[in-house]
Amino acid sequence: MSKKSVSVTISASIEEVWKVLSEFDQIFLWAENVDHSSFLSEQTEGIGSTRRIQLGSNVIQETVTVWEEPKKLSYQLNGLPPVFKKVTNNWELTNVGPDTHVQLTAQITPARPPAEFLAKIVSRFFSRINRKMLTGLKAHIEQTPIRKEKNDAKNDRVRPEMSEMSVSH
């Protein structure tokens, strides 16, 4: 199993951050890598809620596995290559005075031991994606602009409101 975490502190209450995360089908509003998202389940809150997200030509299904309002949200990603037995994103929110510390951990379990090396490589890829999601979440909640990372500017669509953001590792 491979794990990679990224984190950021958002100038908002834990309830404000949770409100955005718990609108599970609305990720496209703040995650710049998500082109479209919608519910696949009738359930819109809690364990079992399922959304479909589109990232370019890739489609992923995400099903909530942990829903501990307003502190933890985890979901399993389905639709990835079968070399991975299980891929989850785990969100943890913590009060830091009036602000909220948000940690996002990608956990990748390979289908077989020889794929462990590949899982470590893919976890770095997920870490970059998750860092972008945290940056987008922070900008959306704080209503501040985002600045593209140098390496990402060529490959990703650029939003007009880009400027400096801080994301911690």
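Which residue lies over the face of Tyr75? Arg51 does, at 4.9 Å from the ring centre. The views below come from a predicted model.

**View 1. Arg51 lies over the faces of Phe24 and Tyr75.** From the ring centre of Phe24, Arg51 is at 3.7 Å. For Tyr75, the value is 4.9 Å.

View 2. The structure holds four aromatic pairs. Trp18 belongs to helix H1 (residues 14–22) and Trp67 to strand E4 (residues 58–68), so the pair ties together parts that are 49 residues apart in sequence. Trp18 and Trp67 are buried.

**View 3. Phe24 and Tyr75 also form an edge-to-face pair.** Centre to centre, the rings are at 5.6 Å, and the planes make 65°. Phe24 sits in the loop between H1 and strand E2 (36–39), and Tyr75 in strand E5 (residues 72–78), so parts that are 51 residues apart in sequence are tied together. Both Phe24 and Tyr75 are buried.

**View 4. Seven strands make an open, antiparallel sheet.** The order is E1-E7-E6-E5-E4-E3-E2. Strand E1 (2–10) and E2 are the edge strands, each pairing on one side only. From one strand to the next, the twist averages 20°. E2 pairs with strand E3 (residues 50–55) over four bridges. There, His36 has Gln54 of E3 as its bridge partner.

**View 5. Helices H1 and H2 lie across strands of the sheet.** Helix H2 (residues 116–142) lies across E1, E5, E6 and E7. H2 runs at about 15° to E1.

Definitions and conventions
Residues numbered from 1 in each chain as written. Predicted model: local features only at pLDDT ≥ 70, side-chain atom pairs only at ≥ 80, totals over all residues. Heavy atoms only, no water. Phe/Tyr/Trp six-rings, centres within 6.5 Å; stacked < 30°, edge-to-face > 60°. Helix = DSSP H or I, 4+ residues; strand = E, 2+ residues; numbered from the N terminus. Buried < 20%, exposed > 50% of the residue type's maximum accessible area, 1.4 Å probe, protein only. Lys NZ or Arg CZ within 6 Å of the ring centre and 35° of its normal. Pairing = 2+ DSSP bridges. Axes fitted to C-alpha atoms, helices over the stretch in contact; angles between N-to-C directions. Contact = heavy atoms within 4.5 Å.
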